[in-house]
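Please look over the sequence and the model shown below. Some notes on its side chains come after.

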Amino acid sequence: QVQLVESGGGLVQSGGSLRLSCAVSGFIFSINYMGWYRQAPGKQRELVATVASGGSTRYGDSVKGRFTISRDNAKTTVYLQMNSLKPEDTAVYYCNMRVVDSLQSPPNDYWGQGTQVIVSS
């Protein structure tokens, strides 16, 4: 069974940095897409950053220039380097991957359990 395991959240002061990691476990053929989303209390889940299988990246407007998405050489772990953090970055961050785990069905979307990031002012 495919699972995504996140790590790296925590409490940081405004202006600080954190690095999130998300690793996939289980049998897969390929990963089409990796991304990070976040959800703050009372708000909808929003895009933070994505990286496609070909390497192209996309960022939410609020994090451009501050956050960087990357992946390991095996392309089974995705990272989110968060710099110049602001209190408004406080949210639960979720990893998402679109995974080909069967040749008999379309790719499936998997989500991590979420990791809390709190930025104090």
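This report covers the disulfide, the aromatic pairs and the charges over rings.

## Basis

The model is predicted: local features need pLDDT of at least 70, side-chain atom pairs count only at pLDDT 80 or more, and totals for chains, interfaces and linings use all residues. Residues are numbered from 1 along each chain as its sequence is written, and side-chain values use heavy atoms, with hydrogens and water left out.

## Disulfide

A disulfide is a pair of cysteine sulfur atoms within 2.5 Å. The count is 1 disulfide. Cys-22 and Cys-95 form a disulfide, with sulfur atoms 2.1 Å apart. The link is left-handed, at -80 degrees about the S-S bond. The pair joins distant parts of the chain, 73 residues apart. Cys-22 sits in strand S3 (residues 18-25) and Cys-95 in strand S9 (residues 91-100). Strands are DSSP runs (E, at least two residues), numbered from the N terminus.

Cys-22 is buried, because its relative accessibility is 0%. Cys-95 is buried too, at 0%. Buried means under 20% relative accessible area, exposed over 50%, partly exposed in between (1.4 Å probe, protein chains only).

## Aromatic pairs

Rings of Phe, Tyr and Trp (its six-membered ring) pair if their centres lie within 6.5 Å; planes under 30 degrees apart count as stacked, over 60 as edge-to-face and the rest as tilted. The count is 2 aromatic pairs. One of them joins Phe-27 and Phe-29, edge-to-face, at 5.1 Å centre to centre and 85 degrees between the planes.

Phe-27 counts as exposed, at 58% relative accessibility. Phe-29 is partly exposed, at 42%.

## Charges over rings

A charge sits over a ring if NZ of Lys or CZ of Arg is within 6 Å of the ring centre and within 35 degrees of the ring normal. Arg-19 lies over the face of Tyr-79, 4.0 Å from the ring centre. Arg-98 lies over the face of Tyr-33, at 5.6 Å.

Note on methods:
Helix = DSSP H or I, 4+ residues; strand = E, 2+ residues; numbered from the N terminus.
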